Amino acid sequence: MRFILIAASCFLISLTLSLGVLFLTPNHSHPTHAIIKIDNLKKIEHSPQTNRPNIIFILADDLGIAEIEPFNTESVDEDRKIFTPNLVKFAQESMKFTNSYAGSPICAPSRCTLLTGLHTGHCSVRHNNNFEFKGPTFAQLLRKHGYDTALMGKWGMLIDPQDQLGSPLSHGFSTFLGFMNHTQCHSYYPREIYSDRSVLSVDQPISVSREVCMKEESGCHYSEELFLKGTEDYIREKAGVTPFMVMVSMVVPHTGRWTEDGEYGSPVPNQGRYRQKEWPEVEKDHAAMITYHVDAAVGRIMNVLKEKNIDENTVIFFASDNGAHNEGGHDYQFFRSSGLYKGLKRSLYEGGLKSPTMVRWKGHIPMDTTSPVPWGLWDVFPTLTDLAQIPSNQIPQNLDGISLVPTLLGENQNLRERVLYWETCTQSDRYRNPLAKDYNYSHTHHVARAVRWGKWKGISWIKGQGFTELYDLESDPYEMHNVASKHRNVIGKISEIAKGSHSVYRHWIGVCKRFK
């Protein structure tokens, strides 16, 4: 069933979008984040069962580790700086993680790890093509135990948008506003979006283009703005009525289309403060995406929490699904989006996997602190169910993730020797640094793997060749010195870990060369 989307007919969206919200003014100085030893932090108790916190999980799409100010402390070029004042303020009120990782160097598998608590050796989605998503998800557990659950923005866990069994409503979310699959997400001025199980028509100009939409901003309706407005409305409706969890699954700053049949780049309604910069247009657009649609979204969400007086009873996570992209004409090196880390999206180096993760819960999580605890997106499932105080016997026993609530509450959680695992499909001839603009899907692909074990990180680019790279991340966090030949015993241990972390995945057939 289709509906014409007009301002008066849908509480989730208003096409007469008001930008009169409280934005923070840019702060040109970086906040000081003290690295705190976990065992020295004050212990904070769980909330009582009768006052379980609301949960907001904000997930940016292809945001590089050094593209926001709280994490861009070593590679910043003042002439090419992306301003993120709301995230600076958020970091001052949060615990920031220096060793937090995405679930995968590409979108769909990373989101699968977040939703299911399984890493890419076990989860049902390990590539962006040819997959069948299977739960259970944390949303199903939360909803079963009294939470209202919503997803705003990018779902991406199905191929066919008509597949109702693959809808987020079939995987625990009671409310959905957004795009079903990856292809739809690339359109920043869509003519249709999904609201629950209905398709809403968006009143766009007959001809959508960069020229039209930047000249008449109010006449074009930007997808990320529609989803953010839906988020604001959802929070206002549920505040004080029921505990809720909303996943704000952004489509920015992923590259995308201005028009339905092409014109790729970094579509954005206006370039704001970057308009006069002597930069390539695509880089002005990219910076504006982050400042006015990633950073500003955080500010607006925080404003709504304060407006509804639920700021102190809401846990807010901020993260990215993988490293910085190099697509649509954008050059990830222009802003040094990976910082000093090697790699980017699709790479198993730190630049492809590191996430600029922060978590805020006023009065519970120590403010303006930094934790070195290593963790991945698959730890989100058990962490959220722990925050919601769901009994442990109700949680699936096969999860790869663990709850990080003790760390968040300032307790000692000894995870220095933690094992993290990734596998992905990448080109054999560009596997060490597969730049997107040179990325050819017709080339031969191989399953590549990475293991972090304590301070060690090993990478195997082609299974038959084994783990050919090894880095000591304590002394070499930027992976500049391969020490595989000097530590064969460590390579042996990492190889054993990788073997035990992989389960058979039939969808590699036809997409990637099979394990030999």
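**Close-up 1. Helices α6 and α7 (281–307) each supply at least two residues of the lining of the second largest cavity.** In this predicted model, a search of the whole structure finds three cavities of 30 Å³ or more, and the second largest cavity holds about 40 Å³ of space. Its lining is made up of Glu224, Glu225, Leu228, Tyr292, His293, Ala296, Ala297 and Arg300. Helix α7 gives the most to this lining, with five residues. By residue class, the lining of the second largest cavity divides into four nonpolar, one polar and three charged residues.

**Close-up 2. Ring pairs join Tyr274, Trp279, Tyr292, Phe334 and Phe335 into a cluster.**

**Close-up 3. Phe133 and Trp155 form an edge-to-face aromatic pair.** The ring centres of Phe133 and Trp155 are 5.8 Å apart, with 90° between the planes. The pair links distant parts of the chain, since Phe133 lies in the loop between α2 (107–116) and α3 (138–144), whereas Trp155 lies in the loop between β6 (148–154) and β7 (175–179), 22 residues apart. Phe133, at 8% relative accessibility, counts as buried, and Trp155 is also buried, with a relative accessible area of 2%.

**Close-up 4. Tyr189 and Tyr222 form a tilted aromatic pair.** The planes of the Tyr189 and Tyr222 rings meet at 55° and their centres are 5.5 Å apart, so the pair is classed as tilted, because the edge-to-face class is kept for planes over 60 degrees apart and the stacked class for planes under 30 degrees apart. This pair, too, links distant parts of the chain: Tyr189 belongs to the loop between α4 (182–185) and β8 (192–195), and Tyr222 to the loop between α5 (210–215) and α6 (223–238), 33 residues apart. Both Tyr189 and Tyr222 are buried.

**Close-up 5. Lysine side chains lie over the rings of Tyr349 and Trp453.** Lys342 is placed over the face of Tyr349, at 4.3 Å from the ring centre. In the second example, the charged end of Lys493 sits over the ring of Trp453, 5.8 Å from its centre.

**Close-up 6. Cys213 and Cys220 form a disulfide.** The search of the whole structure finds one disulfide, in which the sulfur atoms of Cys213 and Cys220 are 2.3 Å apart. The link of Cys213 and Cys220 is left-handed, with -80° about the S-S bond. Cys213 is buried, with a relative accessible area of 0%, and Cys220, at 6% relative accessibility, likewise counts as buried.

**Close-up 7. Cys107 and Cys112 are shown with their nearest cysteine sulfurs.** For Cys107, the closest cysteine sulfur is that of Cys185, and at 8.5 Å this is too far for a bond; Cys107 itself is buried, with a relative accessible area of 2%. Cys112 is in no disulfide, and the nearest cysteine sulfur, that of Cys123, is 3.7 Å away. At 0% relative accessibility, Cys112 counts as buried.

Conventions: Residues are numbered from 1 along each chain as its sequence is written. This is a predicted model: local features need pLDDT of at least 70, side-chain atom pairs count only at pLDDT 80 or more; totals for chains, interfaces and linings use all residues. Side-chain values use heavy atoms; hydrogens and water are left out. Rings of Phe, Tyr and Trp (its six-membered ring) pair if their centres lie within 6.5 Å; planes under 30 degrees apart count as stacked, over 60 as edge-to-face and the rest as tilted. Helices (H or I, at least four residues) and strands (E, at least two) are DSSP runs, numbered from the N terminus. Buried means under 20% relative accessible area, exposed over 50%, partly exposed in between (1.4 Å probe, protein chains only). A charge sits over a ring if NZ of Lys or CZ of Arg is within 6 Å of the ring centre and within 35 degrees of the ring normal. On a 1 Å grid over the protein atoms alone, a cavity is a set of points where a 1.4 Å probe fits but cannot get out, and a pocket is an open set with protein on both sides within 12 Å along at least five of seven lines; lining residues have an atom within 4 Å of a point. Grid points are joined across faces, edges and corners, and a volume is the space filled by probe spheres set on the points. Ala, Val, Leu, Ile, Met, Phe, Trp, Tyr, Cys and Pro count as nonpolar, Asp, Glu, Lys and Arg as charged, and the others, Gly among them, as polar. A disulfide is a pair of cysteine sulfur atoms within 2.5 Å.
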